[in-house]
Amino acid sequence: MAEAPPEVTCQGLARTYGAGPDAVEAVRPLTLTFAAGQTTALVGPSGCGKSTLLRMIAGLEEPSAGSVGIGGQPPLAVRRRGGLSVAFQEAALLPWRTVEGNVALALRLARRPADPAAVAGLIRLVGLEGFERRRPAELSGGMRQRAAIARCLVTAPGLLLLDEPFGSVDELTRLRLNLDLPRLWQERGTTTILVTHSVSEAVLLSDRVLVLSPRPAAVVADIPVRLPRPRRAAMVRETRFLDLVDEIAAGLSEGGAAADRPLAAQ
Amino acid sequence: MRVNRRGVLGFGMGGLALRGLMGGLGPALALSGGAARAQTAVALQLSWLHSVQFAGSYLAQARGYWREEGLEVSLQPGGPNAPVEPPVVSGQALVGISAADYTAAAVAQGAPFRILAVAMQKNPFAIASLPANPVRTPADLPGKRIGMALANMPVLKALCALNGIDAAGIEVVPTQYDAAPLLAGQVDCLLCWATDLPVAMAVRGIEAVTMLMADHGYALHSQTYIATDEAIASRRAELVGLLRGEARGWQACRADPDAALALTLESHPDAGLEAAVQALQLDRQLPLMVSDLTEAHGFGWFTDETVAANIRTLALLGREVSPDLWDRSLLEEAHG
Amino acid sequence: MSGRLLVGLLLLLLWEMAARTLAGTHLLAGPVDVAGWLFQHRGLVGRALAVTAGEAALGLLLGTLAAVLLAALAVLAPRRVAAVISLLMLFLFCLPLVATGPLLRVLWGPGLGPQVTLAALAVTFTSYLALLVGLRAAPPVWLDLVRSYGRGRLSELWHVRARGALPYVMAGLQIAAPAAFLGALVGEFTGAERGLGLLVIRALRELDAPATWGLATVAAGVTVAAHAAIAAVGRRLQAEPPLILAAAPGRLEGPLPVLAALALGLFLWAGAMEAAGLSPFFAKRPWDVWAFLFTDPEAMAHRAELALALAQTLRVAVPGYLAGLLAGAGLAALVILAPRAEAAVLPVAVALRAIPIVTTAPLLVLALGRGPAGTVTIVAVMIFFPTLVACLQGMRQTPRAVLDLFESHAAGRGARLLHAQLPAMLPAFFASARMAVPAAILAATTAEWLATGTGLGALMAVTASTSAYGMLWSATLVIALAACLAWGALGLLERAVLSRTAAEQLA
């Protein structure tokens with residue numbers, strides 16, 4: 001029961017912490033559209049508010065102003081029917097459940113019937129065959145992320161929100177995961193929003209990169225990525241890849257200087 | 001008998017509810033009378049753990065003296081931290097076993113009690129000491145260290161007042177109710193009952209010198225049967241029946257102490273009773289329960305004179321009571 | 001393992017020698033006599049143990065169930081409501097056994113009621129606290145996971161918090177099991193038909209040293225066995241006890257929860273008495289206590305008597321409390337400095353802690369004299385074992401990197417202890433210091449009641465037997481409030497200290 005990938009819209013979305021003179025503006029009012037079936041990467045310096053933006057889209061955080069529409073619906077309604085999945089920075093696996101149990105938990109939380117075949121299939125797809133009965137403490141960092149991705153996908157969501165999902169693993173593992181896993185959802189055409197501070201990861205995974213300024217988050221560059229799919233390891237050494245990386249890096253350093261200038265991007 | 005009682009009372013809350021039911025049904029059944037007399041369930045609240053201290057009650061129960069009165073009596077044990085007067089006030093127990101000073105204290109706090117009968121004609125309070133440094137008369141007390149709970153200060157002061165002794169000359173060491181401090185030499189004498197700590201010492205081979213305070217003017221009724229005014233007014237027949245059975249039980253106990261001892265041990269297998277201790281305790285307790293009055297009038301008797309003596313002792317203990325605290329009429333009916 | 005065996009044998013030998021030296025005093029029986037007595041009375045002891053252990057187990061079950069319900073309520077409710085629940089629970093926990101026992105007997109009548117209730121009361125608060133910390137300890141990202149599927153607080157509680165709290169529950173149960181046993185034992189003093197408690201009273205009164213020590217051995221064995229069994233179950237469930245059982249108290253929520261708890265407490269007290277229709281002769285209402293302490297013509301004398309007894313109790317409870325904490329933390333430091341000491345220290349500590357206070361109190365008082373030394377020692381013994389265990393765990397939690405840093409400078413053990421391990425120990429130390437407050441009061445009043453005959457413990461026992469229920473209720477309230485105040489004051493101190501040394505511990 002895969003969902004059709006939705007378009008995601010943010011209307012004047014903003015987040016301010018605290019009130020009065022001590023108020024901290026985390027996200028400037030943003031109006032953005034994420035096309036259905038596309039993968040968009042949000043890059044920016046750490047602490048810039050990109051995770052906050054992602055959490056507001058998921059509805060895990062209430063915006064101070066503005067609204068989010070996922071296929072025209074508010075996030076809560078989409079969450080209730082299991083229409084979106086979030087992959088967290090740490091894998092967020094429950095330590096007392098096995099790999100299998102953690103993946104199956106998503107189905108329970110989404111009020112879906114148990115589906116051992118789907119669970120086993122996804123565990124195989126993410127390359128964890130033979131580790132179904134292991135607990136998270138017995139797995140390496142990369143294996144935990146694979147399990148977390150399997151958990152995200154088992155509900156076949158239309159929207160996938162990835163909050164630096166590979167941030168805590170080493171560079172080599174990260175490259176492997178970047179090449180292995182995205183196929184699983186890109187083949188289904190899932191709308192994907194990825195938060196990362198790795199420029200090459202952003203290029204490798206996405207169709208479009210939004211560069212955010214330091215806090216408060218505002219979009220300083222909107223860069224389409226027109227690389228063929230599936231992406232391969234060799235690509236990272238190609239000129240067009242490196243050009244894109246340079247363009248984004250330039251946006252990042254420019255964004256640092258332009259942080260105080262509001263810049264609406266569409 | 002034990003199984004039966006447990007069946008009637010049940011445990012905890014269930015027991016409460018059940019007993020409420022029994023309380024409601026009991027009198028009705030009793031009224032219906034007939035050849036097979038229905039039993040009214042009543043409770044007697046004991047003042048201490050099961051032991052030969054209540055041997056007469058066990059006999060009354062085992063030999064059916066109460067059944068003949070139409071009563072199914074349950075014996076509720078006491079303990080070091082067990083309430084005795086409250087169950088009687090609340091009606092959980094029809095009769096409680098108290099002592100004149102405790103009863104007077106409860107009455108001062110507003111409890112509507114009367115003393116119906118007196119099991120211990122002589123108060124069992126005693127001063128126990130070791131033969132090497134004995135206390136044989138109150139005059140021996142000055143200069144001694146006495147171990148006792150501070151709460152018993154009034155008792156010591158009353159004894160001194162009764163015998164013209166200066167209490168200031170006695171060093172009081174606060175101890176709990178335990179013979180160990182005497183044996184360890186921390187005190188020279190103990191304020192205790194003649195029927196417990198000295199008995200324990202004797203069984204362990206230490207013959208203590210025991211000075212019974214009752215022999216030195218300390219007149220205070222002990223192991224007294226108390227009931228509320230309300231019970232006396234509305235459940236008189238049951239009270240009289242209970243007293244009559246109790247009196248017959250103690251009569252039987254005097255006639256055959258060995259049988260009473262055997263019954264006590266046998267009916268309380270879980271109480272951890274030691275035969276030697278119980279035998280000696282009964283041996284020392286029975287003489288305290290007998291007086292000229294009981295020989296003449298029967299178990300539990302008291303007169304205006306003994307009541308007056310009690311009132312004098314109670315006054316020394318700081319308790320002002322009137323002779324109304326005692327009511328002999330039920331005992332008279334029981335013996336009549 | 002063989003080291004432990006050796007220490008055990010050595011202890012047995014010392015015990016036997018001590019008993020032989022004291023022979024004739026009827027105070028201490030050696031292992032030989034004890035074993036003989038236990039064998040001879042195995043039927044009696046077995047039946048009594050079954051009764052008391054059954055009461056304790058039932059109390060443990062009911063107390064834990066109550067704790068689960070209340071903790072779930074506290075986690076689902078707003079923080080201020082949770083604070084009110086916690087305050088009321090703390091107060092209930094601080095009520096002294098010697099006073100609640102007779103009242104429970106009157107409320108329940110004959111049967112197992114008071115024993116089970118006292119056992120349950122002894123465990124509910126520690127289990128509640130453990131659960132509350134455990135339920136709140138779930139990392140936010142787990143909660144986000146649940147919320148990302150549009151599920152609410154109940155799902156959080158069920159899927160994440162409940163299982164995450166399991167290690168805390170197991171740690172709470174380890175503390176609760178001996179407490180439940182002691183509660184059942186003391187409950188039997190209120191007029192039970194059978195049980196180990198009765199045998200203990202009799203043995204003490206009848207100078208039966210082999211019986212006294214045989215029963216103490218059985219009780220200690222039960223405690224140690226329960227401790228080990230719970231630890232084993234915890235390992236089976238992959239729920240190793242966490243470091244700190246009682247997290248630092250939350251931010252002050254203002255005076256409102258305190259006032260609300262006070263009002264609710266008074267209402268429940270009066271309401272329960274009225275609803276049950278209990279006679280004011282023994283079931284005093286709030287206004288009776290107020291009158292007794294303030295408006296009665298004798299009120300001044302009442303207050304003076306109470307103040308005197310309270311002062312006597314505090315004179316032993318406070319030094320004993322401090323000595324216990326110091327001994328616990330000091331021994332923990334010793335074990336860290338000289339790890340070999342652990343094999344000698346821990347078995348003695350466990351044994352000391354496991355023997356129920358009702359049997360050790362009279363002996364300790366006899367050994368140390370009637371003065372305050374005996375009672376102070378009893379209080380200290382009650383407190384020092386949990387402190388030792390908590391402090392040891394705390395010091396062992398020092399981050400590896402910090403220890404490596406000290407190692408890289410070739411710093412000595414002393415410097416490492418002072419600058420790294422002691423600060424790392426502080427959160428655990430404070431947590432156990434707070435839990436020790438009610439334990440100190442319990443120990444002091446029980447020792448006064450059973451051994452020295454002074455202070456609030458004796459006053460409460462005496463007032464219960466002389467129907468002075470106004471004084472009994474007043475003393476009970478005063479002691480419980482004093483314990484609550486001490487708890488609160490410690491919480492403030494704890495926050496002040498931890499904000500410098502372990503800010504991450506403060507929520």
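**Chain contacts in the predicted model**

Tutor: Between chain C and chain A there are 6 residue pairs in polar contact, with both residues of each pair at pLDDT 80 or more. Please keep in mind that this is a predicted model.

Student: Which elements of chain C touch chain A there?

Tutor: On the side of chain C that touches chain A, the elements giving two or more residues are α7 (140–147) and α8 (153–164) of chain C. The largest share of that side comes from α7(C), with 6 residues, and by class the side of chain C that touches chain A has 7 nonpolar, 5 polar and 4 charged residues.

Student: And how many residues are in contact on each side, chain C and chain A?

Tutor: The contact involves 16 residues of chain C and 26 residues of chain A. In chain C, the residues that lose the most area to chain A are Leu145(C), Tyr149(C) and His159(C), which together give 35% of what that side buries. The area buried between chain C and chain A is about 2000 Å², and carbon and sulfur atoms give 61% of it.

Student: How many salt bridges are there across the interface of chain C and chain A?

Tutor: The rule finds 1 salt bridge across that interface. A salt bridge is formed by the side chains of Arg55(A) and Asp144(C), at 2.5 Å from N to O. In general, side chains of opposite charge can pair when their charged atoms come close.

Student: OK, switching over: which chains share the most contacts?

Tutor: That is chains B and C, out of the 2 pairs of chains in contact. Here 53 residues from chain C and 59 residues from chain B take part in the contact, and the area buried between chain C and chain B is about 4800 Å², of which carbon and sulfur atoms give 58%.

Student: What about salt bridges and polar contacts between chain C and chain B?

Tutor: The count between chain C and chain B is 3 salt bridges, and a salt bridge joins the side chains of Asp270(B) and Arg47(C), at 2.5 Å from N to O. Across the interface of chain C and chain B there are also 11 residue pairs in polar contact, both residues at pLDDT 80 or more.

Student: Which element of chain C gives the most to the side that touches chain B?

Tutor: Several helices supply at least two residues each to that side, including α3 (42–76), α5 (97–108) and α19 (413–452) of chain C. The one that gives the most is α5(C), with 8 residues, while the side as a whole divides into 28 nonpolar, 16 polar and 9 charged residues.

Student: How far apart are the closest C-alpha atoms of chain A and chain B?

Tutor: The closest C-alpha atoms of chain A and chain B lie 40 Å apart, and no contact joins these two chains.

Student: Back to salt bridges, how many does the structure hold over all chains?

Tutor: Over all chains the structure holds 29 salt bridges. One within chain A pairs the side chains of Lys50(A) and Glu164(A), at 3.9 Å from N to O. Lys50(A) lies in helix α1 (residues 50–58) of chain A, and Glu164(A) in the loop between β6 (159–163) and α6 (171–180) of chain A, so this pair ties together parts that are 114 residues apart in sequence.

Student: Last topic: which residues make the nonpolar surface patch?

Tutor: A patch of about 540 Å² is made by Leu10(C), Leu11(C), Leu13(C), Leu14(C), Met17(C) and Val348(C). Helix α1 (residues 2–21) of chain C gives the largest share of the patch, 5 residues, whereas Val348(C) is found in helix α15 (residues 342–354) of chain C.

How values were computed:
Residues numbered from 1 in each chain as written. Chains lettered and ligands numbered in written order. Predicted model: local features only at pLDDT ≥ 70, side-chain atom pairs only at ≥ 80, totals over all residues. Heavy atoms only, no water. Contact = heavy atoms within 4.5 Å. Buried area = accessible area lost by both parts, 1.4 Å probe. Salt bridge = Lys/Arg side-chain N within 4 Å of Asp/Glu carboxyl O. Polar contact = N/O pair within 3.5 Å; in protein donor to acceptor, adjacent residues only side chain to side chain. Helix = DSSP H or I, 4+ residues; strand = E, 2+ residues; numbered from the N terminus. Nonpolar A, V, L, I, M, F, W, Y, C, P; charged D, E, K, R; others polar. Patch = residues over 30% accessible without salt bridge, like charges linked within 9 Å, V, L, I, M, F, W, Y side chains within 5 Å. Areas by Shrake-Rupley, 256 points an atom, 1.4 Å probe, with all protein chains shown as cover.
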